[in-house]
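Dear colleague,

I am handing over the structure that we spoke about, and would be glad if you could look through it alongside the notes below.

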Amino acid sequence: MRRRKSKGWAYLRRGLCFVAAFLLLTAGSARAEKNDWAAGNYDFSAVQRVLILDLAGEDLPENIIERRKAEENYARFAKEKLGARVISLEEAARLMGPQIGIDVTALLASDRSKAAALIRTHAQVVADIWVEGRVETWEDDSYISPAHTEWEQRAYTRIIKDSEGKTLEETYYVTVPVTYPARRVWYSDIHVAFAVHEAKSGQLIMGREDDRQREGTNAQDGMFKRICKSFYSALGARIKG
């Protein structure tokens with residue numbers, strides 16, 4: 001299997017507690033690795049407004065439909081799990097503009113990246129915390145599974161006679177070696193990082209990295225939904241105490 005070079009946010013990797021879960025699903029082999037960290041001295045229960053920044057990352061799907069679906073799921077699960085606390089960039093621009101004396105809504109329409117940076121800088125005006133999600137990897141890859149032999153049980157039948165001379169059919173089992181040739185195995189790979197910052201100080205207060213692989217191709221959409229649902233559920237649980 002080709003090893004992916006780490007491209008994640010370095011500051012998220014420091015101090016994260018590593019948890020690995022290896023799953024075997026009916027649809028095929030899957031792997032999930034999750035890194036979590038949260039500041040123990042931050043009072044999440046005091047959070048009233050959560051600013052959700054746009055989904056970012058150089059490895060977002062190249063296909064425009066897949067990209068839009070990812071962006072929609074990222075925002076949808078935030079709203080589903082955090083409810084009325086969520087503030088989008090559009091809402092933040094509308095609320096923030098009069099307070100900082102800049103038409104942020106117009107800037108958002110003309111230069112979204114510049115407006116997002118401005119909103120992030122003044123986030124404390126409209127929110128308690130802000131969240132950014134970044135797609136580090138979204139790809140299909142493959143590896144060669146070498147030829148190998150496995151011992152497997154096979155069922156056979158035979159005709160026997162019981163003690164009274166009656167003919168019966170009996171099933172018996174034999175363990176035999178079965179050789180499988182080398183084959184190419186395709187898998188879908190996705191890696192997403194989330195960072196939660198206190199709006200007032202800009203300090204990182206929560207981080208998560210979620211790395212998943214599933215045998216097959218084009219399985220990232222379903223994995224990404226589960227990743228977003230898991231992250232926003234965890235953040236919501238901290239806020240609700």
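This is a predicted model: local features need pLDDT of at least 70, side-chain atom pairs count only at pLDDT 80 or more; totals for chains, interfaces and linings use all residues.

Residues are numbered from 1 along each chain as its sequence is written, and side-chain values use heavy atoms, with hydrogens and water left out.

The protein averages a pLDDT (the predictor's confidence in each residue, from 0 to 100) of 89, and 88% of the residues score at least 70. Over residues 1–27, however, the pLDDT is below 50, although this stretch has 65 contacts (heavy atoms within 4.5 Å) in the model beyond near neighbours in sequence. The secondary structure comes to 6 helices and 9 strands, where helices (H or I, at least four residues) and strands (E, at least two) are DSSP runs numbered from the N terminus. Of the 241 residues in the protein, 39% are buried; buried means under 20% relative accessible area, exposed over 50%, and partly exposed in between, with a 1.4 Å probe and protein chains only. Among contacts between residues at least 6 apart in sequence, 73% join residues at least 24 apart.

As background, an α-helix has 3.6 residues a turn, so residues three or four places apart point the same way.

Helix 3 (residues 89–100) has 12 residues and reaches 15 Å from its first C-alpha to its last, close to the 16 Å expected at 1.5 Å a residue. In this helix Leu89, Ala92, Ala93, Met96 and Gly97 are buried, and, seen down the axis, the buried residues of helix 3 fall within an arc of 130°, so they line one face of the helix. What covers them includes strand 3 (50–52), strand 4 (86–87), helix 4 (104–110) and helix 5 (112–121), while Arg94, Pro98 and Gln99 are exposed on the other side of helix 3. Just after the helix, Gly101 takes a positive phi of about 70°.

Turning to the aromatic residues, the structure holds 8 aromatic pairs; rings of Phe, Tyr and Trp (its six-membered ring) pair if their centres lie within 6.5 Å, and planes under 30 degrees apart count as stacked, over 60 as edge-to-face and the rest as tilted. The rings of Tyr74 and Tyr232 have their centres 6.1 Å apart and their planes at 55°, so this pair is tilted. Tyr74 lies in helix 2 (residues 64–82) and Tyr232 in helix 6 (residues 220–240), so the pair ties together parts that are 158 residues apart in sequence. Tyr74 is buried at a relative accessible area of 3%, and Tyr232 is buried at 0% relative accessibility. Trp138 and Phe224 form another tilted pair, at 5.7 Å centre to centre and 55° between the planes. With Trp138 in strand 5 (residues 129–145) and Phe224 in helix 6, that pair ties together parts that are 86 residues apart in sequence. Tyr74, Phe194, Phe231 and Tyr232 form one aromatic cluster.

Finally, there are charges over rings, for which NZ of Lys or CZ of Arg must be within 6 Å of the ring centre and within 35 degrees of the ring normal. The charged end of Arg76 sits over the ring of Phe77, 4.3 Å from its centre, and Arg238 lies over the face of Phe44, at 5.7 Å from the ring centre.

With kind regards

Note on methods
The expected span of a helix is 1.5 Å times one less than its number of residues. The arc is that of the directions from the helix axis to the C-beta atoms.
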